[in-house]
Amino acid sequence: MQFSPSNKETFVIIRNVTVIAGQGAAPTADAEVVVTDGRFSAIRPTVDAPAATGGSPVLDGRGGYLVPGLWESHTHLGGYAYFKPENERAKYISQLLTDFLSAGVTNVVDLGGPLATELAARDYRDKATDAAARLFFAGPVFTGVKGWPVLDDPARAPIAYQTDNADVAHRQALELADQVDFIKCIYDGEPGAPDKLPLSALKAIVAAAHEKGKKVLVHVHERIDLEEAVASGADGIEHAFRPRDPGSAAEARDVAALLAETNTYYCPTLVTWEQIAHNGDAGYLQQLLDDGFATHDDIRQITSRPIYGRQFPRHSAQDSHIRFDYAMRTLALMHDAGVKITAGSDVAMLLPSPPVALLRELHLLAKAGLPLPAVLAAGTQHSAEKIGQQATTPGTITVGSIADALLLDADPYADIAHLVDRSHHIGTLRAGRPSWDQSHPQA
């Protein structure tokens with residue numbers, strides 16, 4: 001299949017690559033990929049390809065592997081920028097998006113922050129000349145009165161709508177949906193407690209968002225939170241839940257059946273719980289060194305951060321250990337049951353940077369026993385689908401889709417290191433714009 005472009009359209013041609021398109025398709029070896037005005041317009045055997053004409057850029061993949069551009073499906077760029085002066089936050093977020101792109105991440109999903117900051121960041125990015133990852137955002141999250149993540153800090157009020165009224169929540173969600181890409185709810189706390197979003201309000205928010213054609217992602221803690229969120233119509237569940245019995249996989253099987261039946265996406269944020277569980281643990285930092293996710297200079301910088309060795313608010317180390325260990329033991333069976341898992345890192349408190357946190361998340365998904373094609377789907381296609389972007393930015397390499405891709409020098413289905421170790425990254429395409437590492441041996 002291919003488009004029939006006019007003479008005015010621009011072309012990029014990538015030859016001699018193995019294309020891993022996503023959508024469960026088998027890899028296509030010795031392929032030529034044509035990009036026309038920012039979209040994939042042809043995928044065909046290199047031996048059948050016509051000669052390039054009109055000065056079209058031809059990039060020789062030299063036996064590389066072309067995969068969809070990665071997605072960070074759960075982060076908080078506004079949170080990273082929170083300690084910057086307000087007039088510097090948009091520029092700082094823009095730099096983070098540039099950093100993400102340099103790590104092969106072409107799309108970033110921000111799951112909650114001040115709306116003004118996120119709108120300003122998008123506007124700043126649109127006017128910038130350097131290449132960067134595309135930004136999708138939720139704006140303020142919905143939570144209970146003084147609920148997480150606001151608590152008793154009035155300075156954090158702009159990051160959330162605090163509500164205990166379903167009618168008010170419905171109206172606010174309708175207004176917010178016109179300004180954001182999706183809606184995020186925090187459904188975390190003791191049932192009936194004033195700091196927990198009421199179930200009636202959660203249902204009203206989901207109804208309002210769906211009325212506007214927007215997806216709703218719900219942060220949960222307990223299994224009951226997850227079940228009530230799914231019953232309310234949530235499109236995605238954020239964070240691995242805490243089981244009642246950590247020694248039994250029965251709850252994971254029940255949850256997996258529910259998520260698969262309702263086609264609800266699941267973002268476990270393994271690296272979040274790993275970091276909180278091991279904050280202050282020198283052995284964990286050594287593990288990051290051994291696994292290639294930090295250098296000795298990074299470790300010195302990490303241990304100097306104010307959060308290092310201090311208890312994380314709301315989530316204890318013990319609770320995080322339970323959630324991390326249980327998710328690592330049961331994610332494979334959830335995948336086998338048909339659950340669509342997505343990759344998101346949430347925080348990078350003990351990692352060098354937000355992009356590295358996402359790469360660590362992909363590594364952990366593989367370590368948890370997900371087949372490598374499923375790991376790639378979690379970091380691409382499923383993350384796009386979760387927020388309803390599959391029609392325009394599907395996270396796949398298919399004719400007609402936006403040309404976001406990452407070129408690797410080795411097969412990511414053979415070893416997860418080939419995807420998460422940046423020494424294997426040759427370059428990226430972001431909407432058809434190539435960024436090739438000329439120093440790479442295969443460039």
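A residue counts as buried when its relative accessible area is under 20%, and as exposed when that area is over 50%, with partly exposed in between. The legends below use these words for a predicted model.

**View 1. Lys-196 and Asp-225 form a salt bridge.** Their closest N and O atoms are 2.6 Å apart. Lys-196 sits in the loop between strand 10 (183–187) and helix 5 (199–211), while Asp-225 belongs to helix 6 (residues 223–231), so the pair ties together parts that are 29 residues apart in sequence. Lys-196 has a relative accessibility of 5%, so it counts as buried. Asp-225 is buried too, at 1%.

**View 2. Asp-254 meets Arg-223 in a salt bridge.** The N to O distance between these side chains is 3.3 Å. Asp-254 is part of helix 7 (residues 250–262) and Arg-223 is part of helix 6, so this contact ties together parts that are 31 residues apart in sequence. Asp-254 is partly exposed, with 43% relative accessibility. Arg-223, at 13%, counts as buried.

**View 3. Asp-60 and Arg-62 join through their side chains.** This salt bridge has an N to O distance of 4.0 Å. Asp-60 is partly exposed, at 37% relative accessibility. Arg-62 is also partly exposed, with a relative accessible area of 48%.

**View 4. Salt bridges link four residues in a network.** The members are Glu-222, Arg-242, Asp-319 and Arg-323. Side chains of opposite charge can pair when their charged atoms come close. The count for the model comes to 22 salt bridges.

**View 5. Strand 14 pairs with strand 4 and with strand 15.** Strand 4 (residues 58–68) runs antiparallel to strand 14, and 4 bridges join them. Here Val-67 stands opposite Leu-406. Strand 15 (residues 425–430) also pairs with strand 14 in the antiparallel sense, over 4 bridges. On that side, Leu-408 stands opposite His-425.

**View 6. Side chains of strand 14 point two ways.** The strand spans residues 405–408. Ala-405 and Leu-407 point one way from it. Leu-406 and Leu-408 point the other way. All of these residues are buried.

View 7. A search of the whole structure finds 0 disulfides. Cys-185 is buried, at a relative accessible area of 0%. Cys-267 is buried as well, at 0% relative accessibility.

Terms used. Residues numbered from 1 in each chain as written. Predicted model: local features only at pLDDT ≥ 70, side-chain atom pairs only at ≥ 80, totals over all residues. Heavy atoms only, no water. Disulfide = S-S within 2.5 Å. Buried < 20%, exposed > 50% of the residue type's maximum accessible area, 1.4 Å probe, protein only. Helix = DSSP H or I, 4+ residues; strand = E, 2+ residues; numbered from the N terminus. Pairing = 2+ DSSP bridges.
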